[in-house]
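Dear colleague,

Please find below the structure I am handing over to you, followed by an account of what was found in it. I would be grateful if you would read the two side by side.

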Amino acid sequence: MDQYLRHYFWVASAFLYLTVSSLAQTNCFVSLNDCPRSCRCFYDPDGDDVVTQCIESEFTSIEGNIPSETTVLDISNSAITTLRRIDLSCLYRLRQISLTFNRDFTVMEEGAFGNSSNLKKIEMYGNNLQNLDESTMRGFAADDVTELHIHSNPNLQLRNGFMALFRTLEVLNVADTPFQYKKDLFLNVSSRNYENLDNLRDLNMESKQIRILQASVLQHTPNIRVIRLGHNDITEIDALMFTKNPLLEEIYVDWNQVTSIHVSAFSNQQNLRYLDLTGNNLVTVPMGTFDVMPRVSGVCLSWNPLSCDCNMQWLSEWMTQVGRTNCMPYSFTQCSGEFQQMGQVFTEVSDEAFCDEESSRNISTIVISVFVAILVIILICFVVFFIIIGLCNSGVRHSSGVRHKAGLPPISTIPLRRTNSYSSSALL
């Protein structure tokens with residue numbers, strides 16, 4: 001019996017030794033004091049975090065001697081090229097990872113986040129990532145991630161179903177990426193059903209060359225509070241664009257090509273507080289467009305060629321109400337056109353001046369119309385005159401031809417008999 005116990009003891013000891021050796025080899029017991037030479041490791045009491053910062057390091061991959069207690073890992077402006085499956089395998093407490101501005105970072109291996117069960121915030125912007133799909137997140141509880149920042153990856157493509165993995169996501173930034181933001185990103189590849197990101201509050205889709213944004217694309221993020229669509233190519237805000245998002249508080253459609261807004265575009269935006277339309281091509285806005293937004297406190301219309309006529313007087317009155325002019329820089333909301341208000345601050349144009357300009361435009365139109373009418377009448381008179389002259393000349397030529405055929409001399413050669421009016425009186 002003792003022999004068997006000794007045998008099992010040696011087997012157990014050998015197994016424990018091999019396990020410890022294996023863990024030691026993978027550096028899973030790295031302490032905070034063993035911080036890599038090119039990194040800075042410290043405890044942050046404010047967030048109760050152990051932070052490892054390796055900024056501007058020469059790392060081409062995440063080294064195995066990152067302290068295992070790390071909860072925040074920042075490797076920015078470095079030389080990372082690949083995120084391997086083993087790189088995060090020992091960082092069980094990791095809550096936030098920032099792999100940003102690594103220009104040669106192109107590849108993420110399958111299951112690269114496999115052991116990061118506590119990860120809440122992922123920042124991978126300013127890199128050159130190529131593809132992200134379901135396999136990248138395999139073995140990883142993507143359901144727990146609340147922030148995903150993958151903007152400024154100029155070649156990034158997301159495969160269908162990728163967004164369906166992040167059902168508890170609250171902040172999503174996909175600005176300045178070429179992939180199309182479409183419904184199929186929310187398709188659960190297993191169930192073939194579309195998933196809604198009900199917790200998403202902030203959606204950034206700036207600089208994505210968007211021309212038309214369909215309401216069906218936004219229906220899978222029904223509870224967003226902030227949407228950022230700046231620096232795209234949107235030309236129209238139609239009646240349906242934001243109908244699936246009634247909880248919006250801030251809408252940014254700045255620096256696009258918007259020329260028209262449907263009068264019902266914001267009809268269901270009862271919670272909207274801020275609307276940024278800076279830098280578009282708006283000349284007029286339909287009366288009543290903003291009346292349905294009772295809580296709005298700022299509407300930015302700077303750098304638009306607004307027409308300061310009677311049709312836009314309502315907007316000036318609406319914007320000058322208390323609390324509705326807090327757009328910076330507000331002084332750049334100016335009048336355009338060819339009349340006397342050109343260049344003036346939109347809300348500083350008087351009510352009389354709005355319609356005076358309209359009257360001036362009407363008077364000018366009338367003057368031009370009268371002038372054109374006179375020219376037309378003169379032209380008609382000239383045409384009639386030349387027609388009459390032509391007819392007369394034609395008649396004379398016709399009469400001369402008839403007399404010639406009858407053997408009669410032309411009228412001009414027949415001598416006229418002169419009558420002496422005095423002869424009769426002399427006889428008497």
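**Disulfides**

With a torsion of 105° about the S-S bond, the link of C39 and C54 is right-handed. The sulfur atoms of C39 and C54 are 1.9 Å apart in this disulfide. Please bear in mind that the model is a predicted one.

The pair C39 and C54 links distant parts of the chain, 15 residues apart. C39 sits in the loop between α1 (2–25) and β1 (40–44), while C54 sits in the loop between β2 (49–53) and β3 (72–74). Both C39 and C54 are buried.

The structure holds three disulfides in total.

Which hand does the disulfide of C308 and C335 have? The torsion about the S-S bond is about -90°, so the disulfide of C308 and C335 is left-handed. C308 lies in the loop between β19 (306–307) and α3 (313–319), and C335 lies in strand β20 (residues 335–336), so the pair ties together parts that are 27 residues apart in sequence. C308 counts as buried because its relative accessibility is 0%. C335, at 5% relative accessibility, likewise counts as buried.

The largest pocket has a volume of about 350 Å³. It is lined by 17 residues, of which F179, Q180, Y181, K208 and I210 are the closest to its centre. By class, the lining of the largest pocket divides into eight nonpolar, five polar and four charged residues.

The second largest pocket holds about 210 Å³ of space. Its lining is made up of 16 residues, and the closest to its centre are E134, A142, A164, L165 and R167. The lining of the second largest pocket divides into eight nonpolar, four polar and four charged residues.

**Backbone angles**

Two residues may be of interest for their phi values. For context, most residues other than glycine have a negative phi.

Q209 has a phi near 55°, a positive value in a residue other than glycine. Q209 is found in the loop between β12 (202–204) and α2 (215–218). Is Q209 buried or exposed? At 67% relative accessibility, Q209 counts as exposed, since the cut-off for that class is over 50%.

W303 also has a positive phi in a residue other than glycine, with a value near 60°. Its place in the chain is the loop between β18 (298–300) and β19. The relative accessible area of W303 is 48%, so W303 is partly exposed.

**Individual residues and contacts**

E123 is part of strand β7 (residues 121–123). Because its relative accessibility is 12%, E123 counts as buried. The side chain of E123 makes a polar contact with the side chain of S98, at 2.5 Å.

F101 lies in the loop between β5 (96–98) and β6 (107–108). With a relative accessible area of 33%, F101 is partly exposed. F101 and N128 are 27 residues apart in sequence, and their C-alpha atoms are 8.7 Å apart in space.

**Annotated region**

The unreviewed UniProt entry lists residues 366–391 as "transmembrane region". In the model, the chain over residues 366–391 is 100% helix and 0% strand. As for C381, its relative accessibility is 49%, so C381 counts as partly exposed.

Yours sincerely

Terms used:
Residues are numbered from 1 along each chain as its sequence is written. This is a predicted model: local features need pLDDT of at least 70, side-chain atom pairs count only at pLDDT 80 or more; totals for chains, interfaces and linings use all residues. Side-chain values use heavy atoms; hydrogens and water are left out. On a 1 Å grid over the protein atoms alone, a cavity is a set of points where a 1.4 Å probe fits but cannot get out, and a pocket is an open set with protein on both sides within 12 Å along at least five of seven lines; lining residues have an atom within 4 Å of a point. Grid points are joined across faces, edges and corners, and a volume is the space filled by probe spheres set on the points. Ala, Val, Leu, Ile, Met, Phe, Trp, Tyr, Cys and Pro count as nonpolar, Asp, Glu, Lys and Arg as charged, and the others, Gly among them, as polar. A disulfide is a pair of cysteine sulfur atoms within 2.5 Å. Helices (H or I, at least four residues) and strands (E, at least two) are DSSP runs, numbered from the N terminus. Buried means under 20% relative accessible area, exposed over 50%, partly exposed in between (1.4 Å probe, protein chains only). UniProt positions are given in the numbering used here, feature names are shortened, and annotations may be inferred rather than shown by experiment. A polar contact is a pair of N or O atoms within 3.5 Å; within protein, one must be able to donate a hydrogen and the other to accept it, and residues adjacent in sequence count only if both atoms are side-chain atoms.
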